[in-house]
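Please look over the sequence and the structure before turning to the notes below.

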Amino acid sequence: MSDHLEQSFVKQLKENQNIIHKICRLYTNGEDAHNDLFQEITIQLWKAFPKFRGESKFSTWAYRVALNTAITLYRKSTRSVATISYEGQKHFLSQEEYNFEEEEQIKLMYQAVHQLNDIEKALVFLYLEDKDYTEISETLGISEVNARVKMNRIKGKLKKILNP
């Protein structure tokens, strides 16, 4: 592979690494699993990069590859739903900004989202990333109407989980 291609990949990866970290947080519990998934997604992005033609934004393409990788690995792993460890995910707040109630709400939201299936998680993630339904449908390979219908169902499901 050429140096130019490698430099381009590294630049794009650095600019979009938060996307990958967010997906890792959504599909894993614990730092080791997070790091393993991050590495696997990076490998898959690198393998697929020569085929990236720039028909969509790099970030949209990276979402697609990262989510597909996470979902594939998530399906292969054994799921332990009984207890979900929440290791006080780092939200990068200084001591003065810490809000216990907000932290508890975030914790509950992650626990609720972890109960969704893999495709629902991906849809919620993209929705929370402020992606419009056009980009969500492109990334997940479903129609916009289907994305909207699924999102409405997921919102209802999350309400039931959070307010039993």
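**Briefing on the chain**

Asp130 is exposed, because its relative accessible area is 70%, over the 50% cut-off for that class. This residue sits in the loop that links α5 to α6. The model described here is a predicted one.

**Overall make-up**

- The chain contains seven helices and zero strands.
- In sequence order, its elements give the pattern α-α-α-α-α-α-α.
- The chain has 164 residues, of which 35% are buried.
- Of the contacts between residues at least 6 apart in sequence, 66% link residues that are at least 24 apart.

**The largest nonpolar core**

- The largest nonpolar core is made up of 37 residues, and Ile23, Tyr27, Ile41 and Leu45 have the most contacts inside it.
- Two or more residues of this core come from each of α1 (3–27), α2 (31–48), α3 (58–76), α4 (100–114), α5 (118–128), α6 (133–140) and α7 (144–162).
- Helix α3 supplies the largest share of the core, namely nine residues.

**Helix α5**

- At the start of α5, the backbone nitrogen of Ile119 has a side-chain oxygen of Asn117 within 3.0 Å.
- Helix α5 is mostly covered, with eight of its 11 residues buried.
- The buried residues in α5 are Asp118, Glu120, Lys121, Ala122, Leu123, Val124, Phe125 and Leu126.

**The packing of α5 with α6**

- Two packed helices are described by the angle between their axes and by the distance between those axes.
- For α5 and α6, the angle is about 145 degrees and the axes lie 10 Å apart.
- The crossing of α5 past α6 is right-handed.
- On the α5 side, the residues that meet α6 are Ala122, Leu123, Leu126 and Tyr127. Their counterparts in α6 are Tyr133, Ile136, Thr139 and Leu140.
- Seven of the residues in this contact are nonpolar, one is polar and none is charged.
- The buried residues of α6 are Tyr133, Glu135, Ile136, Ser137 and Thr139. Among them, Tyr133, Ile136 and Thr139 also take part in the contact with α5.

- Most residues other than glycine have a negative phi.
- Asp130, a residue other than glycine, has a positive phi near 65 degrees. This residue comes just after α5.
- Just after α6, Gly141 also takes a positive phi, of about 70 degrees.

- Leu26 belongs to helix α1. Leu26 counts as buried because its relative accessibility is 7%, and the cut-off is under 20%.
- Which residues does Leu26 contact, leaving aside neighbours within four places in sequence? They are Val113, His114, Lys121 and Phe125. Of these, Lys121 and Phe125 are buried residues of α5.
- Leu26 and Val113 are 87 residues apart along the chain, yet their C-alpha atoms are separated by 7.8 Å.
- Arg25 also lies in helix α1. Is Arg25 buried or exposed? Arg25 counts as buried, because its relative accessibility is 17%.
- The C-alpha atoms of Arg25 and Phe38 are separated by 9.5 Å, and these two residues are 13 residues apart along the chain.
- Thr42 is part of helix α2. With a relative accessible area of 18%, Thr42 is buried.
- Not counting residues up to four places away in sequence, Thr42 touches Phe9 and Leu13.

Key
Residues numbered from 1 in each chain as written. Predicted model: local features only at pLDDT ≥ 70, side-chain atom pairs only at ≥ 80, totals over all residues. Heavy atoms only, no water. Core = buried A, V, L, I, M, F, W, Y, C linked by side-chain atoms within 4.5 Å. Buried < 20%, exposed > 50% of the residue type's maximum accessible area, 1.4 Å probe, protein only. Helix = DSSP H or I, 4+ residues; strand = E, 2+ residues; numbered from the N terminus. Axes fitted to C-alpha atoms, helices over the stretch in contact; angles between N-to-C directions. Left-handed = near helix turned anticlockwise from the far one by under 90°. Contact = heavy atoms within 4.5 Å. Nonpolar A, V, L, I, M, F, W, Y, C, P; charged D, E, K, R; others polar. Polar contact = N/O pair within 3.5 Å; in protein donor to acceptor, adjacent residues only side chain to side chain.
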